Amino acid sequence: MNGKVVTITSGKGGVGKTTTTANLGIALASTGDKVVCIDSDIGLRNLDVVMGLENRIVYDLVDAIEGRCRTSQAMIRDKQFETLFLIPAAQTRDKNAVSPSDMVRLCDALREELDWILIDSPAGIERGFRNALAPSDEVLVVTNPEVSAVRDADRIIGLVEAEEKGPAKLIINRINPGMVKRGDMLSADDVVELLAVKLIGIVPEDEAVLVSTNHGSPVVLNEKSRAGQAFADIAKRLKGETVPWMDLDEKDGFFNRIGKMISGGS
Amino acid sequence: MTSFLEKVAGKNRTSSANRAKERLHLVLVHDRTDLSPEDLRSLKDRLIAVISDYVQIDAGQTEIQIETDGREQTLIANIPLKSPRSRH
Ligand SMILES: Nc1ncnc2c1ncn2[C@@H]1O[C@H](COP(=O)(O)OP(=O)(O)O)[C@@H](O)[C@H]1O
Ligand SMILES: [Mg+2]
């Protein structure tokens, strides 16, 4: 097998990297692909709770790298999908416990066994980011339609290019179509124009994301969720499929709701 | 559906999103080039001084700006030369 290493990164924290990693992992595994999600945010373990696997952890990333366990022992199998695994971050170590060449070695071994190796990068541009970038074949930069997140995304896109890991692809998360319409939020077009990179996903702001995270069951499993649908579309694009862009206006915005009420739609 | 109300309440040139876009555009140019507006002003002054050693230029009309094409930035200088006739 010759698995692909995809790094999910951002610059600014809290924009949706971990949410994206968990959802892409599930969406890819649900088609039968073998997937491992690696939480590379050492000291700030998060992906385990978002995936709902926090009670199953025995070994972690640093254990695997330092040889305290076999790599397969650090891979926790998902509750629902047989072909989905998580390698959790170490919680009690710091980011210097892992080096970029450690990550390259680990991922080279994983490539033999899996179709996809998704790396959830920590925020920032330091060691943790370098670790997540070093083994990468494809980089997804997550941002929000907001000035500081876009600025930091630009910085990261530049660094990815400088490391010859580009061109990065962009995910714009937490778009609120009503606010865009009112002129109070940057549109996806605005962000793409500013950053001048290729877009791979637009994910709407969706309360279902928080609800599903509360349950430890990522939103892509919820067929009614718009954000879930958007993550499923990104997974298809990663696999090389052409997927039309979702109509974000649908079911959204005051005027649309009124319009639908008048015309008797649901 | 675009209603009348929507048009009235909708986007206009001074929307906060447009402000954000304009501000980001300037910030990104300077982040990418590591040139502040102050750097650009002093670069312009020194350029004018150096070029004036060789040829007479119209310093008042000289313009220096950074143009963006995708993720590439280009420094564009527009330096009108004074015609030899106006020399004494
Ligand atoms: N599309 C979305 N709609 C609503 N909330 C979201 C969305 N994406 C992420 N969130 C919320 O934003 C917060 C930060 O997301 P997270 O994935 O942890 O970001 P990061 O890993 O980049 O720090 C979480 O509370 C998450 O539930
Ligand atoms: Mg995270």
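Predicted model: local features only at pLDDT ≥ 70, side-chain atom pairs only at ≥ 80, totals over all residues.
Residues are numbered from 1 along each chain as its sequence is written, while chains are lettered from A and ligands numbered from 1 in the order in which they are written. Local features need pLDDT of at least 70, side-chain atom pairs count only at pLDDT 80 or more, and totals for chains, interfaces and linings use all residues; side-chain values use heavy atoms, with hydrogens and water left out.

Start with ligand 1. It sits in the second largest pocket. A pocket here is an open set of points on a 1 Å grid over the protein atoms alone, where a 1.4 Å probe fits, with protein on both sides within 12 Å along at least five of seven lines. To sit in one, a molecule needs more than half of its atoms within 2 Å of the grid points.

Which elements give two or more residues to the shell around ligand 1? They are helix H1 (17-29), strand S7 (169-175) and strand S8 (198-204) of chain A. H1(A) gives the most, with three residues. Helices (H or I, at least four residues) and strands (E, at least two) are DSSP runs, numbered from the N terminus.

There are 13 residues around ligand 1. Each has a heavy atom within 4 Å of the ligand. Gly14(A), Lys17(A), Thr18(A), Thr19(A) and Asn173(A) come nearest.

Now look at polar contacts, pairs of N or O atoms within 3.5 Å; within protein, one must be able to donate a hydrogen and the other to accept it, and residues adjacent in sequence count only if both atoms are side-chain atoms. The side chain of Lys17(A) places an N or O atom 2.8 Å from an oxygen atom of ligand 1. Gly16(A) uses a backbone N or O atom, 3.0 Å from a ligand oxygen. At Asp206(A), a polar backbone atom lies 3.0 Å from a nitrogen atom of the ligand.

Next, find Ser136(A). It lies in the loop between helix H6 (127-133) and strand S6 (138-143) of chain A. Is Ser136(A) buried or exposed? It counts as buried, because its relative accessibility is 5%. Buried means under 20% relative accessible area, exposed over 50%, partly exposed in between (1.4 Å probe, protein chains only). The side chain of Ser136(A) makes a polar contact of 3.2 Å with that of Thr7(A). A polar atom of the Ser136(A) side chain also lies 3.0 Å from the backbone oxygen of Glu138(A).

Finally, turn to chain B. It has three helices and two strands. Along the sequence they follow the pattern α-α-α-β-β. Of its 88 residues, 19% count as buried.

Note on methods
1 Å grid on protein atoms, 1.4 Å probe; cavity = no way out; pocket = protein on both sides within 12 Å on 5 of 7 lines; lining within 4 Å.
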